[in-house]
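Dear colleague,

I am passing on the structure we spoke about, and I would be grateful if you could look it over alongside the notes below.

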Amino acid sequence: MTVPKALVLVLDSTDPEPLAEFYAALLGATVEPHPGDPDLLLVSGDSGAVLGIRRDHGQAPPSWPRPEDAQQAHLEILVAPDALDEAEREAVSLGARPVAAVRDGTRTDRRTDLRRYTDPAGHSFVLATTPPVDADQGLPRARQA
């Protein structure tokens, strides 16, 4: 029997309240304090995903992208292909900083479909177009590298 578990991706921040509000506004979600941890805020929305923002007085912003262009852990926020420009405007208006935009080959036009940013605390995230849906599963398929 498997022990029940919950998965929460946690970002560290010296000032977690504004960072939690940034992600709540970007994702159309809510912010609630964790009932057992006063230094942890939980950002959750209708999709069921939960993002934790934890107070860490010694946290230093990540260096991204790194000069050697190595992949790092990051958030990937999926949007409909026709909503990517609007999602980008919204993210930037909330304080996101653009880093790069590339084509991954999923669009038939010559527009970018993967846009990289840093949040106000320097964590990396990506706005990407929704991958094709697998008809059998009803779930997005993994991206092809």
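What pattern does the chain follow when it is read along the sequence? Reading along the sequence of this predicted model, one finds the pattern β-α-β-β-β-β-α-β-β-β, which amounts to 2 helices and 8 strands.

Where contacts join residues at least 6 apart in sequence, 54% of them are between residues at least 24 apart.

Turning to the sheet, four of the strands are arranged as an open sheet in the order S5-S8-S7-S6, and the pairing within it is mixed. Strand S5 (75-79) and strand S6 (97-102) stand at the edges, and because each has a single partner strand, one side of each is left without a neighbour in the sheet. On average, neighbouring strands of this sheet are turned by 25 degrees against each other, with direction ignored. S6 runs antiparallel to strand S7 (residues 114-118), to which it is joined by 5 bridges, and Val102 has Leu114 in S7 as its bridge partner. Helix H2 (residues 84-94) packs on the sheet, where it touches S5, S6, S7 and strand S8 (124-129), and the direction of H2 makes about 160 degrees with that of S8.

The other helix, H1 (residues 16-27), contains Leu19, a residue I looked at in some detail. Leu19 has a relative accessible area of 3%, and since the cut-off for buried is under 20%, Leu19 counts as buried. Leaving aside residues up to four places away in sequence, Leu19 touches Ser13, Ile53, Asp119, Pro120, Ala121 and His123. One of these contacts, Asp119, lies 100 residues from Leu19 in sequence, although the two are 7.8 Å apart in space, C-alpha to C-alpha.

On the surface, Val8, Val10 and Val50 form a nonpolar patch, and together they have about 170 Å² of accessible area. Val50 belongs to strand S4 (residues 50-55) and is partly exposed, with a relative accessible area of 30%.

Key:
Residues numbered from 1 in each chain as written. Predicted model: local features only at pLDDT ≥ 70, side-chain atom pairs only at ≥ 80, totals over all residues. Heavy atoms only, no water. Buried < 20%, exposed > 50% of the residue type's maximum accessible area, 1.4 Å probe, protein only. Contact = heavy atoms within 4.5 Å. Patch = residues over 30% accessible without salt bridge, like charges linked within 9 Å, V, L, I, M, F, W, Y side chains within 5 Å. Areas by Shrake-Rupley, 256 points an atom, 1.4 Å probe, with all protein chains shown as cover. Salt bridge = Lys/Arg side-chain N within 4 Å of Asp/Glu carboxyl O. Pairing = 2+ DSSP bridges. Axes fitted to C-alpha atoms, helices over the stretch in contact; angles between N-to-C directions.
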